[in-house]
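Here are my notes on the model you asked me to look over.

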Amino acid sequence: MKIKHDTSKKLMIHAVLLTYTLIALFPIWVVIINAFKTRRAIFNDPMALPTSETFSIVGFQEVLLRSQFDVFFSNSMVVTLVSIFFVLLFGAMIAWALTEYKFKGNLVIALLVAMGIMIPIRLGTVSILQLMNDLNLVNTLTSLVLVYIAQGLPLAVYILSEFIRQIPKDLKEAARCDGVSEIKIFFAIILPLIKPAMATVAVFTMIPIWNDLWFPLILAPNEGNQTITLGVQQFIGQFVTDWNSVLAALTLAILPILALYLIFSRQLIRGLTSGAVK
Amino acid sequence: MTKTPAKKPFPWHLLFFLGPGLLIYFSISVYPLLDTLRLGFFTESSDGSLAFAGFTNYSKLLFDAIWSEPFWNATWNNLKFFVIHMLVQNPIGLLLAVLLSSPKLRLSGTYRTLIFMPTMLSVVIIGFVWQLLLSPLWGITENFMWDIGLGDYFDAWLGKESSALITLAFISVWQFVGIPMMLIYAALLSIPDELVDASVVDGANAWQSFFHIKLPLILPTIGMVSILTFVANFNAFELIYTVKGALAGPNYSTDIMGTLFYRTFFGFQLQEGSLTMGAAVATLMFLVILLGVALYLFFFQRRVQRFQL
């Protein structure tokens, strides 16, 4: 083996990866450090860290005073959590039924659900808005939850099916011999076994819901019902010249996701790199 | 496999398992899509009633200058947007994945986590962040370019017709490079070491074993990354809307199908929104995406089976 050659090669690899890591982090870093500075310091020396002289949280005060960030945040939390809960529950139920039972229409349903992985639900927006109008759900968080359940189900069914298929037959058959009902088999035996897969699905479902602008913009744009993404978009559109507020609003939107990501990144990356979505 | 339905008169358990989820999926995803395809064949009169109109909307969109110019402009821009992603995002993702998968690399997990971070954030946030960074008012990018001796080349890229779309595409590439990186990285890890070792024993150098062993094996993943990029790009909206607004300025130079669909359906400023024309635009977007998916399935047929659940 060529030891020398290997060392310089390793150095090259680290140099490239480090450079790209800096490219990926720099923009976010600049926004966060400047959110804690006075207006003058933001412009005079954008790259400097806030010091005791330049430190200021006036932007955050403005944001919290002039917008309902707390409301936006809790709206997003409610919408995301409720949607994930139903995507996981209904997704697992559909995945179980489609993999376990043979019945007429099984393949058709499976194909229609699989199509939803590739065909974006956005293309049906015209009719979705009409439907929500007819149901009197426009401007409610319920409309968003319903759309996100429909949006999240296909991938959830796909990933969970792969896992359910790996569950050994003996487990189910033993329970059936004991006269346990199908519904109880699902809740007592299957659900606990696919918990790790459900965590993966939860992460994949959560990100597009939390970050979505399209459906909040169309279905729930009114004061009080905005999600955080729409709220930030509207706030910055209004106060675009107030740099302190803009930077603070961006930072407030970034930090919770950053914290969550660093906590759950292992889970997420394991999901991405395991067989689940290959 | 069980033969449950044979015994029982009605498979209540099936209804229980499939009912709630499919009710939501069919009524809020499948039905609206089909209904949108239907609405594209109607016109709406001022009192809101619909009348069947055949292909009128489509002939307007494709041939009537008032409609067709914006439509072809958006389609063409969208294609450019996609090509930039394919030429920049996916090769960089591939490169990073190959580097990350080099054996016994220290800090590999840290690099991976950090490079993937922008992908997690909302496109809206990323749009605003880059708008600030590229702003001549703040001058961060301008100063940086002077520092590395390229100051003369700085321009207000987002504000110019000739460069706005390309700049936005690069912002999107920057954000989403993590996805091809992760998926290709996973595929590279799943290649058995013996295969690569065998090629080394046979005298292949690093390039040869990459191009002859690894690349053919990760080709299905590259195909999947391509179709994911295609669908995401032809469905994109948020970045353009955040940075350039619904009018996709300057002078519609950043208009893509998503923003065109939004304006056609909801209307914006002087333009009145139209339900049926919006449905027609959505239908054409659907056909474009369908074409992409069909081509993908045709060229990567061995993956088809996995899509049939």
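Predicted model: local features only at pLDDT ≥ 70, side-chain atom pairs only at ≥ 80, totals over all residues.

1. Start with L160(A). Once you set aside its neighbours within four places in sequence, L160(A) still touches G91(A), A92(A), A95(A), I194(A), A197(A) and V201(A). L160(A) also turns up, along with I94(A), as one of the residues with the most contacts inside the largest nonpolar core, which has 164 residues. Helix α7 of chain A (residues 141-165) gives this core its largest share, 17 residues.

2. For chain B the mean pLDDT is 88, with 94% of the residues at 70 or more. Looking at the elements of chain B, helix α8 (residues 164-176) has the highest mean pLDDT, 95, while helix α15 (residues 304-307) has the lowest, 44. I'd flag residues 303-309 of chain B: pLDDT stays under 50 there, and the model gives that stretch 11 contacts beyond four places in sequence.

3. Now the overall build of chain A. Along its principal axes, the C-alpha trace spans about 75 × 70 × 30 Å. As for burial, 45% of the 278 residues of chain A count as buried. Take the contacts in chain A between residues at least 6 apart in sequence, and 76% of them join residues at least 24 apart.

4. On to the domains of chain A. The assignment gives domain 1 (3-56) and domain 2 (68-277), and their C-alpha centres lie 34 Å apart. Seven residues from domain 1 of chain A and seven from domain 2 of chain A make up the contact between them. On the domain 1 side, α1 and α2 (39-44) of chain A are the elements that give two or more residues, and α1(A) has the largest share with five. By class, that side has five nonpolar, one polar and one charged residues.

5. What does the chain A side of the contact with chain B look like? In all, 69 residues of chain A are in contact with 70 residues of chain B. Helix α1 of chain A (residues 3-35) supplies the largest share of the chain A side, 11 residues. Sorted by class, this side has 53 nonpolar, 12 polar and four charged residues.

6. Helix α12 of chain A (residues 228-238) deserves a look of its own. Eight of its 11 residues are buried, so this helix is largely enclosed by the rest of the structure. The buried ones are I228(A), T229(A), L230(A), G231(A), V232(A), Q233(A), F235(A) and I236(A). Which elements cover them? From chain A they include α4 (69-100), α10 (195-211), α11 (214-219) and α13 (243-273), and from chain B they include α6 (123-134) and α12 (238-244).

7. T75(B) sits in helix α4 of chain B (residues 65-100). T75(B) and F234(B) are 159 residues apart in sequence, and their C-alpha atoms are 8.8 Å apart in space.

8. The other spot is I148(B), which lies in the loop between α7 (140-147) and α8 of chain B. I148(B) is exposed, because its C-beta has 7 others within 10 Å, and the cut-off for exposed is 12 or fewer. I148(B) and F63(B) are 85 residues apart in sequence and 49 Å apart in space, C-alpha to C-alpha.

Definitions and conventions:
Residues numbered from 1 in each chain as written. Chains lettered and ligands numbered in written order. Buried ≥ 20, exposed ≤ 12 C-beta atoms within 10 Å, placed from the backbone. Helix = DSSP H or I, 4+ residues; strand = E, 2+ residues; numbered from the N terminus. Contact = placed C-beta atoms within 7 Å. pLDDT = per-residue confidence, 0-100. Nonpolar A, V, L, I, M, F, W, Y, C, P; charged D, E, K, R; others polar. Core = buried A, V, L, I, M, F, W, Y, C linked by C-beta atoms within 7 Å. Domains from an automatic or database assignment.
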